[in-house]
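Here is my note on the model you sent. The points follow below the structure.

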Amino acid sequence: MTVPFVDLRPAHDEIRAELDAAWRDVTASNGYIGGPTVEAFEARWAAYCGRQHCVGVGNGTDAIEIALAAAGIGPGDEVIVPANTFIATVEAVITAGATPVLVDVDDETLLITADHIAAAITPRTAAVIVVHLFGQVVPMDAILELARERGIMVIEDAAQAHGARWRGRIAGSFGHVATFSFYPGKNLGAFGDGGALVTDDAALATRAREIGNHGTAATNRYQHHVLGRNSRLDALQAAVLSAKVDRLDAWNASRRVAAAQYDEALRGHASARPVGIAPETESAHHLYVVRVPGRARVREELDRLGIGTGIHYPTPCHLHPPYLEYAREALPVAEQASMEIVSLPMFAYITEAQVAEASAGLLQALESVRAASEDEAARLVTGRSL
Ligand SMILES: *Cc1c(COP(=O)(O)O)cnc(C)c1O
């Protein structure tokens with residue numbers, strides 16, 4: 001049996017009729033940009049995240065850039081970002097005109113902590129972007145307290161954490177503003193690109209909506225009173241998201257069952273070390289990430305066995321050419337982890353048999369890589385081929 005890394009089909013099949021109807025309703029109404037379909041989803045997503053306002057935008061990267069701009073963060077401002085994130089988090093800080101300051105992450109969870117932030121604060125620090133990576137939620141208490149004390153804004157990049165919770169509170173409800181991506185493979189995904197930001201700050205929400213709509217004043221569509229751009233959530237995507245959002249908790253629950261099965265299967269195998277999840281976290285398990293020795297060979301072996309894997313991410317942000325200048329020092333935890341991590345198959349309704357196959361495949365791959373390296377070591381010692 002082959003196991004794909006991601007399969008969107010079982011979740012989509014469950015609500016195929018609703019998805020088809022949603023699409024048909026939009027094409028029948030012929031309202032494609034803005035309008036009631038988009039407003040309905042925005043209201044639903046704000047409520048789901050426990051927030052006053054939601055502004056739909058073109059994608060998750062724009063959501064970060066527009067959140068920063070709407071918060072008045074730009075040239076001359078520093079924004080602290082973990083080096084272990086998808087490149088978009090860093091990219092958006094730069095396109096907003098601010099300067100990212102890349103910091104290391106915790107060795108157990110691979111997430112940013114208050115200590116990493118505290119060490120990077122300067123008089124120019126305007127904000128920190130905490131990234132709820134892999135479906136986890138960054139433990140927020142110490143970070144929120146530090147940010148309050150030092151007067152810096154907290155922005156959550158929740159692109160991988162739709163519906164995740166920490167101490168019962170949902171991802172996206174902690175910071176001044178939180179951003180989401182609805183890229184098809186995310187836990188809540190559209191049928192194309194989409195994104196949103198959520199906040200309780202009415203002025204920030206209004207400004208964000210204006211920026212994403214050519215700087216058009218909320219009160220006068222012919223007045224462009226701030227510099228804007230075009231980044232809007234379209235009605236087809238909003239309709240798909242509304243059709244899906246009621247299933248999100250069930251889909252996340254099925255991911256949690258799969259993650260628990262992986263945990264159990266890998267328990268006691270010291271060479272397979274799942275990335276730890278902070279206490280009191282209900283992860284959305286966007287990804288199931290394991291640290292292994294000999295990662296390249298392990299992946300080759302898994303590929304041979306027909307088990308799809310990914311790496312999130314093979315190079316930490318500060319080691320990509322456009323971003324080299326944004327780390328003040330080596331970031332050893334992120335650098336080491338990037339060489340060891342492998343993401344196993346994970347999606348809503350992955351079956352028990354698929355998880356069993358993938359975890360058995362991983363253990364088999366680790367064993368053959370271990371045996372091969374023992375052979376190599378023996379060859380080196382004896383000076384002859386065995
Ligand atoms: C996917 C993702 C983004 C970017 O979202 P897009 O919709 O692809 O622009 C940003 N941050 C993180 C952590 C992501 O996983």
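How far is an oxygen atom of the ligand from an N or O atom in the side chain of Asn59?

1. In this predicted model, that distance is 3.5 Å. A polar contact here is a pair of N or O atoms within 3.5 Å; within protein, one must be able to donate a hydrogen and the other to accept it, and residues adjacent in sequence count only if both atoms are side-chain atoms. Asp157 places a polar side-chain atom 2.8 Å from a nitrogen atom of the ligand. For Ser181, a polar side-chain atom is 2.6 Å from an oxygen atom of the ligand. On its own the ligand has 380 Å² of accessible area, and the protein covers 93% of that (Shrake-Rupley method, 1.4 Å probe; for residues, only the protein chains shown count as cover).

2. The ligand has 13 residues around it, and those that come nearest are Gly60, Thr61, Asp157, Ser181 and Lys186 (a residue is near a molecule or strand if one of its heavy atoms lies within 4 Å of it). By class, the shell holds four nonpolar, seven polar and two charged residues. Ala, Val, Leu, Ile, Met, Phe, Trp, Tyr, Cys and Pro count as nonpolar, Asp, Glu, Lys and Arg as charged, and the others, Gly among them, as polar.

3. Helix 4 (60-70) and helix 5 (88-95) are the elements that give two or more residues to the shell around the ligand. Helices (H or I, at least four residues) and strands (E, at least two) are DSSP runs, numbered from the N terminus. The axes of helix 4 and helix 5 cross at roughly 40° and come within 8 Å, which makes helix 4 oblique to helix 5. Axes are lines fitted to C-alpha atoms, for helices over the stretch in contact, and angles run from 0 to 180 degrees between N-to-C directions. Angles under 35 degrees count as roughly parallel, over 145 as roughly antiparallel, 65 to 115 as roughly perpendicular and the rest as oblique. Their crossing is right-handed; a crossing is left-handed if the near helix is turned anticlockwise from the far one by less than a right angle, and right-handed if clockwise.

4. Helix 9 (residues 235-245) packs with helix 3 (residues 36-48) at about 40°, the axes being 8 Å apart, so helix 3 and helix 9 are oblique to each other. This crossing is left-handed. Helix 2 (residues 16-29) also packs with helix 9, at an angle of about 150° with the axes 9 Å apart, which makes helix 2 roughly antiparallel to helix 9. Helix 2 passes helix 9 in a right-handed crossing.

5. Between helix 11 (295-304) and helix 12 (332-340) lies Tyr313, and the peptide bond from His312 to Tyr313 is cis, with omega near 15°. Glu280, in the loop between strand 12 (273-274) and strand 13 (281-282), is a residue other than glycine with a positive phi, near 65°. His285 is not a glycine either, yet has a positive phi of about 45°; His285 lies in the loop between strand 13 and strand 14 (288-291).

6. On conventions, residues are numbered from 1 along each chain as its sequence is written, and side-chain values use heavy atoms, with hydrogens and water left out. As the model is predicted, local features need pLDDT of at least 70 and side-chain atom pairs count only at pLDDT 80 or more, while totals for chains, interfaces and linings use all residues.
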